[in-house]
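Thanks, everyone, for making the time this morning.

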Amino acid sequence: MTGGKFKAAVLVSAGRHPFTGAPRACHGDAVAMALGQRLVGNALRIIHAGMIDEPALEDYLALGAGTIEVVPAPNGDDAIGVLTGLLKDVDLVLSGSRAESGAGSGLVPYALAKALGRPVVANVLDVEIEGAEARVRQFLPKGRRRGVAVSLPAILAVHPLTQVRLGYAYARRLSGRIIAVPPAIDGQLGAGARQSPWTVEPTSRRPVRLKAEEKRPAHERMRAAVVSEAKGGVVAFEGTSVDKAQVVLNYLRNHRLIDF
Amino acid sequence: MSEVRRVDPRRPIVITPQGLRRIVLGQVGAGDLSAPDPHSAPASKAKPRRLREKAKSWVMAVAHSDRGRLDAHARQTVAAAAILAQGSTGVVAVILGEFEEDAAALGADAVVILPDLDAARFEPEREVAAISSLIEVYDARHVFLPDKPESDGDLGRRLIVEHDESAATHVVEIDAAHVCSPWSGAMLLARAPLPRFILLEPGAVDAGLPFAGLGERAETVEGPKMTAESDAYRDLGLEESDPAQIPLEEADLVVAGGNGVHNVPTLEALARTLGAAVGASRVAVDDGRFARDKQIGATGKTVSARGYIAVGISGAVQHLQGIKDCQHVIALNRDAGAPIVGRADLSVIGDAEEVMQALLTRIAQAREQSELPEAP
């Protein structure tokens, strides 16, 4: 730890509704903010790298942000450099798992961890601080969860399924404050920023699936089109119910659906 | 005599599973129903190899295995690497965890297995170190990973920032020159030239390949050793939750009951024994035999279990819709003509109650014989 009081911060991004594009709080970031507030209460710093007049930020105020610090990052690529300077003395940095606007690559926590030389854990459902380490409960599919202890300072990307209460209050939206903080100038600020390779297509369309080119004679293609393939698998008619049970058990074992 | 070509009414035909009579094109001669089905022949024919000689350069596909196998998403990733590898470029598949499949059928020309880095443990630093050294050894021009947030997506992002090179995540469209990812939600696509690291979304690639890889197995590699001090992460172990408690959508194995199940406790006992979640069809739910939140199908839940055991379910399309993502479907049914038999990988025709009872007895025996203590 960096000495003194335990410091935590959450990074919030400008959310966009996936279909209408309307500005809103990014759900993943709002969840991360609620998790952070559960951990340290109002001491949680809420930081946004971007424009100060971002309309989505008011949603975070309504969700209980209190004060949002906005550090200017004119284009997204500078965000890591700007945030690195700002988060040097913060013990625990929380973020959502991916942004809703732009690429939403989910790379920010990882890039930040690299820049700050800290460990990063993704898919965080819950976190407890125990001395110099954070005990994290990680989401895994199929109903499994994993415990991970990570040494502080650390960066955690919060899973959107984290159980938190998000309450929207208009009064908080009015009473909350958005303040600008000057970027902590690093010598090489902007040097690491790379030209974005992405060009956004103007109209929406369905993505084209990659398929291996198959050179088949016309006759075979015609036949494939005319004759539908025989569907269905093995059918067991014969035998007693014990035999049939054995067939089922064998199938389950062969495909490793059970582990005995 | 006129030159009009006549259609031989006794041309070769096949009877489709639906009972339709179909002419076999491109063949002449008398039709014979006992003749072998011409469509089964090409399937058994071995696919041609994509590479004729030794690979000169490499592209890499990295994925975690699940109990010795790759799932559909990981297969698509290896297939993408195989489709995009041109000329004498080889595909090296790096499998984290045990692997028992035929790598050639997946399109891989070489396969490197790291059995001690399976998905069960959280060791990101070792994984990144191992993959980075392999990328260097093979000098891989492109590295493909499935964008699974829990395992490979996490590893991929760590690799991307470690190497600080061009990368694309959530890739939904890919070809030899470019990739596309969704931009600001799912409405727009953004295009970029083919980067070095590519994290693929499921469904971006058709995993069916007309060719096979060489499938050469490199020696099993052990992950690099890490000293305890350098390790910022400590794995505290997995917690498995009771299959009856987890949401149906997350379940790995589901036992579902339908109208043919009269004794629900037997079905529940079977699910408990197999460590499976309980589901139901709409009819059984409407009948009050199961709770509403167990319903699977168009008006209920969509499950993506690896194993799905349908007991006494006829398999109406609305129900089949709910199980379209299930890998292995087993049907226990009295009626061999039920639509579920067409969907199931294994159908057992018989009385559901009897078969379930026999299965319960058989599993109890199997547990005793192998003397495994881990009964749930």
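Which residues touch the most other members of the largest nonpolar core? Please keep in mind, as we look, that this is a predicted model. The core in question has 128 residues, and the ones that touch the most other members are A:Y60, A:L156, B:M60 and B:A93. Within this core, the largest share comes from helix α2 of chain B, residues 72-84, which supplies 8 residues.

If we stay with A:L156 for a moment, and leave aside residues up to four places away in sequence, A:L156 touches A:L92, A:L94, A:V121, A:V124, A:V127 and A:V136. Apart from the core we have been discussing there lies another, of 51 residues, which includes A:A245, A:Y251, B:A344 and B:V348.

Let me turn to the contact between the chains, to which chain A brings 74 residues and chain B brings 86. On the side of chain B that touches chain A, helix α10 of chain B, residues 352-370, gives the most, with 9 residues, and by class that side has 46 nonpolar, 21 charged and 19 polar residues.

The chains are also joined through strands: β13 of chain A, residues 234-236, runs parallel to β18 of chain B, residues 346-349, with 3 bridges between them, and A:V235 stands opposite B:S347 in that strand of chain B.

Finally, chain A is divided into domain 1, covering 8-180, and domain 2, covering 218-254, and the C-alpha centres of these two domains of chain A lie 50 Å apart.

Definitions and conventions:
Residues numbered from 1 in each chain as written. Chains lettered and ligands numbered in written order. Predicted model: local features only at pLDDT ≥ 70, side-chain atom pairs only at ≥ 80, totals over all residues. Core = buried A, V, L, I, M, F, W, Y, C linked by C-beta atoms within 7 Å. Buried ≥ 20, exposed ≤ 12 C-beta atoms within 10 Å, placed from the backbone. Helix = DSSP H or I, 4+ residues; strand = E, 2+ residues; numbered from the N terminus. Contact = placed C-beta atoms within 7 Å. Nonpolar A, V, L, I, M, F, W, Y, C, P; charged D, E, K, R; others polar. Pairing = 2+ DSSP bridges. Domains from an automatic or database assignment.
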